[in-house]
Amino acid sequence: MELGSHEHKELFCRFFIDTHKPFLPEELPWPDLDKATIEKLANFPIWDYAVHTERQVFDKLTAYSEEVFDPLLKEALALQAYEEKRHSDILRYFLNHYNIPFNEVPDKPMPSNLEWCFMSTGAGECIDSFFAFGFLEISKRTDDYPIELIEVMEPIVQEEARHILFIQNWLLYQRRKRPYILQGIHFLMTMWAFWSAGWSRLMDLKNLGGSAFTMLARDYENSSLSPKDFINLCLREHKRRLAPYDTRLVRPKLIPRIMNSVVFFL
């Protein structure tokens, strides 16, 4: 299969559409939680940011899907927008269900270049998902939270695996269908998108109190994993989460390669 071909587009769009699982937030099996667990969850300083981010992603993806002319791409992009909106609704339902307070963060203005917007948003999802895969696995290994609550998060995290697989193939499709001389420019734009997404997250984490969320989560979970072990766990989970899907789809490689380099020096 040639990347950037009609066959490639059909493959990654159909994969995404066909693996969608319909459900509503209120249909998930939310467990009863004791007061101590709810208080610990309420102390996480990320809920305002998380709800805001998912809502913004929905707005950006919806706007971008509306300007895409290809019917199949439009359908797949609109579906991802819907799933991002559902993530925001799940977070809201979760917080309201357990009476965890959060604040609404004002939306930022919509950028004019919506394709670049999706590129940078997708880069951020690839970064976030890599660490989320490891974090969820750590949670399963401890007794700090009921396993029933962790299992509620399972389909949501797996949905992120679908998202980043779609994003990676969308990026390559967009690049390879361009004239050869412009493909290098698109590659540089992709690298810039990942750099800016990473920098944006560092600034967000600084505003949240200066501690990386993954490290904060490890403190809360009383995990004994070293940074090297944690990264290796994320690498294994990243590979496992993507394994069920068609092997012809190109896997996201940039973040795993960067983190493999980090592991080498730890």
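Arg162 and Glu83 are joined by a salt bridge in which the closest N and O atoms are 2.9 Å apart. The pair links distant parts of the chain, since Arg162 sits in helix α6 and Glu83 in helix α4, 79 residues apart, and both residues are buried. The structure is a predicted model, with a mean pLDDT of 86 for the chain and 92% of its residues at 70 or more.

**Confidence**

- Helix α1 is made of 13 residues and reaches 18 Å from its first C-alpha to its last, which is close to the 18 Å expected at 1.5 Å a residue.
- The buried residues of α1 are His8, Lys9, Leu11, Phe12, Cys13, Phe15, Phe16 and Ile17, and they pack against α4 and α6.
- Helix α3 (residues 47-67) has 21 residues and a reach of 31 Å from first C-alpha to last, close to the 30 Å expected at 1.5 Å a residue.
- Several residues of α3 are buried, including Trp47, His52, Arg55, Leu61 and Tyr64, and what covers the buried residues of this helix includes α2 (35-42), α4 (71-97), α5 (114-140) and α6 (147-176).

**Trp170 in the interior**

- Trp170 lies in helix α6 and counts as buried because its relative accessibility is 0%.
- Leaving aside neighbours within four places in sequence, Trp170 is in contact with Phe12, Tyr64, Leu73, Glu115, Phe118 and Met119.
- The C-alpha atoms of Trp170 and Val250 are separated by 9.8 Å, although the two residues are 80 places apart along the chain.

**Further salt bridges**

- A search of the whole structure finds 11 salt bridges, one of which joins the side chains of Asp70 and Lys9 at 2.6 Å, N to O.
- Because Asp70 lies in the loop between α3 and α4 and Lys9 in helix α1, this pair ties together parts that are 61 residues apart in sequence.
- Within this pair, Asp70 is partly exposed, with a relative accessible area of 22%, whereas Lys9 counts as buried at 7% relative accessibility.
- Another salt bridge brings together the side chains of Glu104 and Arg55 at 3.2 Å, N to O, and it links distant parts of the chain, with Glu104 in the loop between α4 and α5 and Arg55 in helix α3, 49 residues apart.
- Glu104 is partly exposed, with a relative accessible area of 46%, but Arg55 counts as buried at 15% relative accessibility.

**Surface features**

- A nonpolar patch on the surface is formed by Trp192, Trp195, Trp199, Leu202 and Met203, which together have about 580 Å² of accessible area.
- Met203, one of the residues of this patch, is found in helix α7 (residues 180-207) and counts as partly exposed because its relative accessibility is 31%.
- Asn99, in the loop between α4 and α5, is exposed, with a relative accessible area of 68%.
- The phi angle of Asn99 is near 55°, a positive value in a residue other than glycine.

Note on methods:
Residues numbered from 1 in each chain as written. Heavy atoms only, no water. pLDDT = per-residue confidence, 0-100. Helix = DSSP H or I, 4+ residues; strand = E, 2+ residues; numbered from the N terminus. Expected span 1.5 Å × (residues − 1). Buried < 20%, exposed > 50% of the residue type's maximum accessible area, 1.4 Å probe, protein only. Contact = heavy atoms within 4.5 Å. Patch = residues over 30% accessible without salt bridge, like charges linked within 9 Å, V, L, I, M, F, W, Y side chains within 5 Å. Areas by Shrake-Rupley, 256 points an atom, 1.4 Å probe, with all protein chains shown as cover. Salt bridge = Lys/Arg side-chain N within 4 Å of Asp/Glu carboxyl O.
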